[in-house]
Each structure stands twice: as C-alpha cells, then as structure tokens.
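This report covers one protein chain.

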Amino acid sequence: MVNQDLIVYLNGEYLPLNQAKVSVLDRGFLFGDGVYEVIPVYGGKPFRLAEHLERLSNSLAGIRMEQPLSTEAWGEMFSRLIQGVEDQQIYLQITRGAGTKRDHAFPKGVAPTVFTMCTAIAPIPASGVKAITVPDIRWQWCHIKAITLLANVLQKQQAVEEGCVEAIMHRDGFALEGATSNLFVLVNGILLTPPKDNDILPGITRDLVVEIAQANGIVLEQRKVLLEELRSAEEVWLTSSTREVLPVIELDGQQIGKGQPGPLWIRMNALYQERKELLRKGL
Ligand SMILES: Cc1ncc(COP(=O)(O)O)c(C=O)c1O
C-alpha cells in the first residue's frame, strides 16, 4: 500500500498523497484521455531517463498534446520526489485536464493535469513465472503509452485468476506482447522479439535488451513471432521497467524449455544487472 503521507507532485505543487485531488471533470477520469510513464530508479537515479522522456514526448504527440514541462523541470521534480531513496519507481501521468462539461472533443484553453509520485519497486521473481495467452482486444495505437488500459486490466486480471503473472496477447496468429511487458522468445538458438510498430508499446527495457544482445554477440532478430513459435520456444522472457527481464517457465499450463530459467536468460540477466550497477556507480 502507498503511504498516504507520501509527498507527490500535482500541477506545480508538492503535497501529501491524501491531499492530491483532481476534478471529476478531469478527462483522465472521464475518458482515459492521457498518457503516462514508469521510470525505474536505481541508486537514487532514474534509469534510461532520456529514453523515457523521449517516449513521453512521442505519446503526447500521438494524442495531440504538448510537453507540459522541460527536460530540466522533469529532472528537478524527480530529484525532489526521489529524496535520496535508492531503488524505487517514478509514475507520471498527464491528462488533457478538466473541461467545463463532459464533451469528447478537446476543450479549449485548458491546462493539462500533471501528476507524479515515487513508490517502492517490487522484488523480481528470478525463479521464473507462469503466463497465459489471450487474444489481443486492444485498440490499434498500442505504441502510445495511454492511460486507457481497460483491455490490459481485464487481461492481467484473467492471468491472476488463473494463478499466473502475465497475459501474452496474440493477433492474427502472431504473439505481440504482455499486458504490461514486451516479449522475447528463443527459437532454434535465435532470440526473437516483435518489431516496434503500432501493435506494441516500444518498451524502454526491450530496447535495452536489444542493445545488450547486439553488444554481446547474441543473435537477435526483430521480427513478427508466430504464436506457434512462442509455444515451442526454448526460452520466453517478458521485459518491463519494473520487472526487468523476467523468465517465463510455464505458458498455458505447458512447461517452457526445462521449466526453469534458461541459460541465455541467466546471461542476459547478469548483463542487465551490470547496466544497473553502472548507473548506481554514476558511470
Ligand atoms: C503493454 C506494455 N508493453 C510493454 C511494456 C514495457 O515497457 P517498458 O520496458 O518501457 O517498461 C509495458 C510497461 O508497462 C506495457 O504496459
């Protein structure tokens, strides 16, 4: 549970969480009209900050909104909220603000609502997790990190009710991504991940895993992944800023590989942890 006295940022003010209030006419509340980011913090420093802020700008442009703050202003806000706590996560959300009535069309001259808080990061289950596959029922602009997450919420809930941690979505016979993560599969010794198009969120962790693979001679292809390839893969990983690189050991009740984190995951995870250590040491 988030501490109610936690100091959060709302529209230029720093105040306790239980005093941070927005209007019921806020378009985030009425329409899910907004975007968000989740940025991990290690050693008190945001990880891949430039990449997260660039994706935020792309998401804002995708819903025809301006960046409300400069890079410097975001940076100052984050250090104030981080308050020296070593490892945590920054959640930020921007909505199109509160109009004077409920109307789908954009209101004129309305300031956006900007909210940011820092909360604890959960430990990663390194022994591997179970996942299910589900049809992708989302809209067609999945590259935008929109707060409108009802489809993802329903899919994740289904996974949880089936004793799993993630739902991997598929469309037209292709596996795309998890409800809250990107997808990597090892097939015939080649690491595959779906390409960055509007079917998936361009994950910051996904890009880092691609970068690490390419820098370390791991054969990787960014191409469409057949659902059948996912099912018969030697290894399956899910990536996200808060879950890092997570090995999947069971999919729809069937064992993946030997039913334990595979050797390539062990290598990738070690390389990923090295990148976090570099940030901690300020390198
Ligand atoms: C649908 C979806 N795909 C992928 C990701 C992973 O993105 P990132 O690595 O930037 O956290 C997320 C993260 O929340 C997500 O919600």
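Which residues have the most contacts inside the largest nonpolar core? They are Ala131, Ala167, Leu183, Val185, Val236, Trp237 and Val248, in a core of 40 residues. The model is predicted: local features need pLDDT of at least 70, side-chain atom pairs count only at pLDDT 80 or more, and totals for chains, interfaces and linings use all residues. Residues are numbered from 1 along each chain as its sequence is written.

**Cores**

A nonpolar core here is a set of buried Ala, Val, Leu, Ile, Met, Phe, Trp, Tyr and Cys residues joined through C-beta atoms within 7 Å. Buried means 20 or more other C-beta atoms within 10 Å of a residue's own; exposed means 12 or fewer, and partly exposed lies in between, with C-beta atoms placed from the backbone.

Valine 185 touches Leu192, Val225, Glu229, Leu230, Ala233 and Val236, not counting residues up to four places away in sequence. Contact means that the C-beta atoms of two residues, placed from the backbone, lie within 7 Å. Helices (H or I, at least four residues) and strands (E, at least two) are DSSP runs, numbered from the N terminus.

**Domains**

The chain is assigned domain 1 (7–119) and domain 2 (129–280). Such bounds come from an automatic or database domain assignment. The domain centres, taken over C-alpha atoms, are separated by 26 Å. Domain 1 puts 22 residues into the contact, and domain 2 puts in 15 residues. On the side of domain 1 that touches domain 2, strand S3 (34–42), helix H2 (49–62) and strand S5 (88–95) each give two or more residues. S3 supplies the largest share of that side, eight residues. By class, this side of domain 1 has eight nonpolar, nine polar and five charged residues. In this scheme Ala, Val, Leu, Ile, Met, Phe, Trp, Tyr, Cys and Pro count as nonpolar, Asp, Glu, Lys and Arg as charged, and the others, Gly among them, as polar.

**A helix pair**

How do the axes of helix H5 (residues 204–215) and helix H7 (residues 263–280) cross, and at roughly what angle? They come within 10 Å and cross at roughly 110 degrees. H5 and H7 are therefore roughly perpendicular to each other. Axes are lines fitted to C-alpha atoms, for helices over the stretch in contact, and angles run from 0 to 180 degrees between N-to-C directions. Angles of 65 to 115 degrees count as roughly perpendicular, under 35 as roughly parallel, over 145 as roughly antiparallel and the rest as oblique. H5 contributes Leu208, Val209 and Ile212 to the contact, and H7 contributes Met268, Leu271, Tyr272 and Arg275. These residues divide into six nonpolar, no polar and one charged.

Leucine 264 also lies in H7. Leucine 264 is partly exposed, with 19 other C-beta atoms within 10 Å. Beyond residues up to four places away in sequence, leucine 264 touches Leu186, Leu191 and Glu235.

**Positive phi**

Most residues other than glycine have a negative phi. Asparagine 11 has a positive phi of about 45 degrees, although it is not a glycine. Asparagine 11 sits in the loop between S1 and strand S2 (13–16). With 14 C-beta neighbours inside 10 Å, asparagine 11 counts as partly exposed. Aspartate 172 has a positive phi near 55 degrees. Its place is the loop between strand S8 (166–171) and strand S9 (174–178). Aspartate 172 counts as exposed, with 10 C-beta neighbours inside 10 Å.

**Around strand S1**

Leucine 10 lies in strand S1 (residues 7–10). With 17 C-beta neighbours inside 10 Å, leucine 10 counts as partly exposed. Leaving aside neighbours within four places in sequence, leucine 10 is in contact with Leu15, Ala20 and Phe115. Methionine 1 is in the segment before S1. Methionine 1 counts as exposed, with 4 C-beta neighbours inside 10 Å. Glutamine 19 is in the loop between S2 and helix H1 (27–31). Glutamine 19 is exposed, with 12 other C-beta atoms within 10 Å.

The table sets separation along the chain beside C-alpha distance.

| Pair | Separation in sequence | C-alpha to C-alpha distance |
|---|---|---|
| Leucine 10 and glutamine 157 | 147 residues | 29 Å |
| Methionine 1 and alanine 120 | 119 residues | 9.5 Å |
| Leucine 264 and isoleucine 218 | 46 residues | 8.9 Å |
| Glutamine 19 and valine 8 | 11 residues | 9.4 Å |
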